Amino acid sequence: MNERLPIADSAEVRRDAAALLRLYRGSLAVVLGLNALAAVAGLVGPWLLGQLVEAVKEGTTTGHVDRLILLLAVSVLAQTVLTWFARRSSFVLSEQVFARLREGFMRQVLALPLSVVERAGTGDLVSRTTADVDTLARTVRFAIPETLISAVTVLLTVVAALVVSPVVALSCVVGLPAILLGMQWYLRRAPAGYLWERAAYATMTGTVGETVDGGRTVDALGLGRRRVERIDADLADAYRAERRTLYLRTVLFPTVEVAYVLPVAATLVWGGWLVSRGHASIGEVTAVALYVQQLADPVDRLISWLDEIQVGATSFARLVGVTKVPDDRSATGEEPEHERLRASDVRYAYVQGRDVLHGLDLDLEPGERIAVVGPSGAGKSTLGRLLAGIHPPRTGRVEVGDVRLVDLELETLRREVALVTQEQHVFVGTIADNLRLAHVEAGDDDLWAALEAVDARPWVEALPHRLETVVGAGGHPLTPPQQQQVALARLVLANPHTLVLDEATSLLDPRAARHLEQSLAAVLAGRTVIAFAHRLQTAHDADRVAVVEDGRLAELGTHDELVEHDGSYAALWESWHGGR
Amino acid sequence: MPISATRDVDWRAVKQLPFDHPGDPDTRSSARFLLWVGRQQLGTLFLGMTFGIVWMLAQALLPWVLGRAVDEGLTTGDSRALLGWAAALLGLGVVQAVAGTLRHRVAVSNWLQSGFRMIQVVAHHAALTGPAVRSRLTTGEVVATVSNDALRAGGAFDITARLAGAIASYFVVAAVLLSTSTLLGLVVLLGVPTLVGTLSLVIRPLQARQREQREQVGQLTALGADTVAGLRVLRGIGGERVFLDRYRRRSEEVRRAGVRVALPQSTLDSAQVLLPGIFIVIVTWLGARLAIQGRISPGELVAFYGYAAFLVIPLRVAAEAVDKVTRALVGAQRMLAILRIEPLVAAPEEPAAEPGPGAVLVDDRSGLAVEPGLLTCVFTPSADDGSRIADRLGRFADDGLVTLGGVPVASLDVASLRRRVVVSETDPFLFAGPLRHELDPWGRATDAQLLEAIAVANAEDVLDSLPEGLDGHLEERGRSLSGGQRQRLVLARSLLADAEILVLVEPTSAVDAHTEARIARRLREARRGRTTVVVTASPLVLDQADRVVFVDDGRVAAEGTHRELLQSSPAYRFAVTREDAA
């Protein structure tokens, strides 16, 4: 049932990246300009040394040497100051770009269609929100600026060598083929290797996490040794991945490093020949040789960050992918005329050709409580989602006030019907934050009233900061029944006229569930309630009971009618009651 | 160290990992812990240092060769000499490339050996200490220590190779300069340590702000993950706007923290230009003066400039080493915090003799005696009382005397007690892995037994939902399953534990009544003739028990079958029917 969210293709990635960069055209130009100036200042040294060598050879005064050294000192100072501004502007810009990126991503996530959220599960999205955003942080904050700076430096160094002596500088190209070939070979393989590494470590981290979290189970079942073996197996995979990337580097490093020295040696030989023919001076050859030697550092950085950019691009594709999810509903603008919820002849299939619901009809009286019972896998949860307007049925209609649920605006739908499932979530934030998301303008009085309705007022009042107590992961711990009460209080605030309770109380201790269901009775009063119940007591208390078996409505009637009818419900009730 | 060098490194200069036996660490202090790790890989460390020294010296000598080439080749116009020196340059380049690559391989091996060893000792300890870890630290803290601190601490071993090279080349360059000019030599000898000290000073404020930023980023990531985890709620009930605003605000704070990092970071970057730059200026200036005096040749001047420019590398390496060792010590502290955690229940020094099979398990505090061979249900009006009894029976808590065949369980070997008495707690846990392995982690059940256990737990739907069946993969924590599915799989796993005495706490609280009734019947059949205790409040389960023990207020109040107790014990009836009162 878990379907994956889309991943953007490379054309989409390029388009989105270009659009993002266009927004920051101006700042980007400033960053590049400053870095170029800093690089130019860094190129003064070799040129000056060439001058010095010439001067010494020709015979000179200390005054001249001091002036040249003064120039060197000035260039160092200039490079220092320019580097400071260049780096700072680059860091500030990348923080801006990245902040915009992650905020845009979150906006898209929060606008994902309801049916996609229900079906895709949250695992994939959580990993995009955490791992992919983190990876991209490294790419945007370091890899891209470093690559740009290195590229600018390489370019300017080559230009400087050409300016000193175009003929001598020809030797630069000697190392180029080896570097290009090595780079191409490496970059074609590296991203897969580093992704493997990352995935292997993530698996290992996950194993350790669940081992610690499930410490009690590990202890109870004597699984300690087996967990140790699992951790070691994960590490063995991480080790294989490390070996793979190490192999790639073992090929790359010697290739490019020899390619860095090769042009220096070539410059000397070629330059020597030129000098002997009078086409160049010793100073020029010295300067070019030093420039060529200086090239090694930026080229090296360029190569080492390029694979990071490739890895970042895959994460970016996963973030951009979220924007490619098509909307699942288009509101027609119709408004329901009354509150009657009706399902007629609905069928639904997760996999084509395999219906899980086979033409089911259910007509709800406004204000009635109907309990739906039936074995697991009979299609109860699917029915719940259709009745809550999350999915459209394959055929048939689910409508409120004669308007199809999926034709309503999401805002309108929420006022009509709400689905409460057993998967609850308490957000990190105050109790008030957790409640207000259902009704942004609610005052404290409204919040207290909602808590009162679900019988949660006493414990909230006993909390250290009452409504302002921080709960959720890392905050004040709430027991499962308390979490459930928070969820139900949200519903009270959202105030829809119809509630679909899908096993909403099932994970609780049965005693607590009973308590909660009783306190909930007041909340449910006046609303239409469809309860998918585990506890038969819920069915007993309902106005009508629907028994769903194999995707069909097997029995429908009041509790007494069904007990009278002596079908599967009656049998169940009998065993529940222990023959009393 | 020739012997150990061949023992812990293979011919490709990398050791096979992970370790079969990571060893017993020295946990007396962070430094001792790191030294212990280092001692286990002395051979690799020395090998790395050797390659590091060769590699760095080759780089240090490049300016010298360049200088000779200028003097003897370019200036004199001697093309043979020039060719010779160019070849020497290239040769040095090859030596540097080869030694550098080997140095890298051994350094990675050092990093992996130390990192993996630390991961292994810490993670293994956490796995073998059980619930005690969770009672001291959050899962996040343990995971962060294992995944970040251990590998980061490995960095201190990685850098030894480069550091050795840096120190050696520093002395060689200083010696070369000293031989020409005492002043120049002293500038290098004293200058480098001064600059390393200055760089470390610049790094410190940067680290503080980076730490602050990392924390903020962590919080933002957690906020994002939390928002996404609750996305169903947000999309179902509303509040997207509020949460987006919240995320944006936090994201802006992170951006500002990043800008605050930018300040010391750009200062460090420009210091790395300025400090060596000063060096280059001084060395070149002094060198040029010597050159006009004719005391050194133009080529030597080029070499001096080259040395000064080269010294940037050892300088950075030394500053990095200081940083890495500091981080390793901090990380080791966190690893020790985990290594020092002891299990919750102490193992007896001298385990008592095992009572034979069919022994009666008695909880003295409540008066509950578990009859061998029967399905006993324990009903307690308060859920906590029930879990506490189960905890005592399995010795997960020592808050009362429990005996097995008259022997206190506290005096029995813990591992063998765990094999005989298996307790499946209220909130049990599923691990990631193939379904077959997760249901039977002990690897002793046949397919038929597995399918039977799945059938008893009525978990066929889970099996059907996995295309690969028993070989299908369960996600971490069984996340892709519903609560009810998880619970039923856990029940199947408990059955496959094949315990002499199986204690289950509310095994069917998350399943519907139809299924619960079915499971209760099948459970009774599957455990026929064996000892089973189910702590439950469900009438459907109680009805299947051979014997129901009603524990009220911590003491056994009545015993009998469910139906008998409904008749005979008003208190029991009240407690069960209070459930039933609409």
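Which residue of β10(A) is the bridge partner of Leu499(A)? It is Val529(A).

This is a predicted model: local features need pLDDT of at least 70, side-chain atom pairs count only at pLDDT 80 or more, and totals for chains, interfaces and linings use all residues. Residues are numbered from 1 along each chain as its sequence is written, while chains are lettered from A and ligands numbered from 1 in the order in which they are written.

**Figure 1. Strand β9 of chain A and its two partners.**
Strand β9(A) covers residues 498-502. Helices (H or I, at least four residues) and strands (E, at least two) are DSSP runs, numbered from the N terminus. All 5 of the 5 residues of β9(A) are buried, so the strand is largely enclosed by the rest of the structure. Buried means that 20 or more other C-beta atoms lie within 10 Å of the residue's own; exposed means 12 or fewer, and partly exposed lies in between, with C-beta atoms placed from the backbone. Thr498(A), Val500(A) and Asp502(A) point one way from β9(A). Leu499(A) and Leu501(A) point the other way. In a regular strand, side chains alternate between the two faces of the sheet.
On one flank, strand β6 (residues 417-420) of chain A pairs with β9(A) in the parallel sense, over 4 bridges. Pairing requires that DSSP finds at least two bridges between two strands. Ala418(A) has Leu499(A) as its bridge partner in β9(A). Val420(A) stands opposite Leu501(A). Strand β10 (residues 528-532) of chain A also runs parallel to β9(A), joined by 5 bridges. Leu499(A) meets Val529(A) there as its bridge partner.

**Figure 2. The six-stranded sheet of chain A.**
The sheet is open, with 6 strands in the order β6-β9-β10-β3-β11-β12. Its pairing is mixed. β6 and β12 (552-557) stand at the edges, each with a single partner strand, so one side of each has no neighbour in the sheet. From one strand to the next, the twist averages 15°.

**Figure 3**
Strand β1 (residues 361-363) of chain B runs antiparallel to β2(B), and 3 bridges join them. Leu361(B) stands opposite Val370(B) in β2(B). Axes are lines fitted to C-alpha atoms, for helices over the stretch in contact, and angles run from 0 to 180 degrees between N-to-C directions.

**Figure 3. Ala432(B) and its contacts in both chains.**
Ala432(B) is placed in the loop between β6 (421-424) and β7 (433-434) of chain B. With 19 other C-beta atoms within 10 Å, Ala432(B) is partly exposed. From chain A, Ala432(B) touches Gly206(A) and Glu210(A). From chain B come Leu474(B), Glu475(B) and Glu476(B), not counting residues up to four places away in sequence. Contact means C-beta atoms, placed from the backbone, within 7 Å. Ala432(B) and His473(B) are 41 residues apart in sequence, but 7.3 Å apart in space, C-alpha to C-alpha.

**Figure 4. Ala492(B) in the largest nonpolar core.**
The largest nonpolar core has 349 residues. Such a core is a set of buried Ala, Val, Leu, Ile, Met, Phe, Trp, Tyr and Cys residues joined through C-beta atoms within 7 Å. Leu89(B) and Ala492(B) touch the most other members. Leaving aside residues up to four places away in sequence, Ala492(B) touches Leu439(B), Ala453(B), Ile454(B), Val456(B), Ala457(B) and Ala459(B).

Chain A comes to 21 helices and 12 strands. Along the principal axes, the C-alpha atoms of chain A fill a box of roughly 120 × 50 × 50 Å. Of its 580 residues, 50% count as buried.
Chain B comes to 21 helices and 12 strands. At 35 Å, well over the 25 Å that the rule gives for 582 residues, chain B is more spread out than a compact globule. The C-alpha box of chain B is roughly 120 × 60 × 45 Å along the principal axes. In chain B, 52% of the 582 residues count as buried.

Key: Two residues are in contact if their C-beta atoms, placed from the backbone, lie within 7 Å. The radius of gyration is taken over C-alpha atoms; the globule rule is 2.2 Å times the number of residues to the power 0.38.
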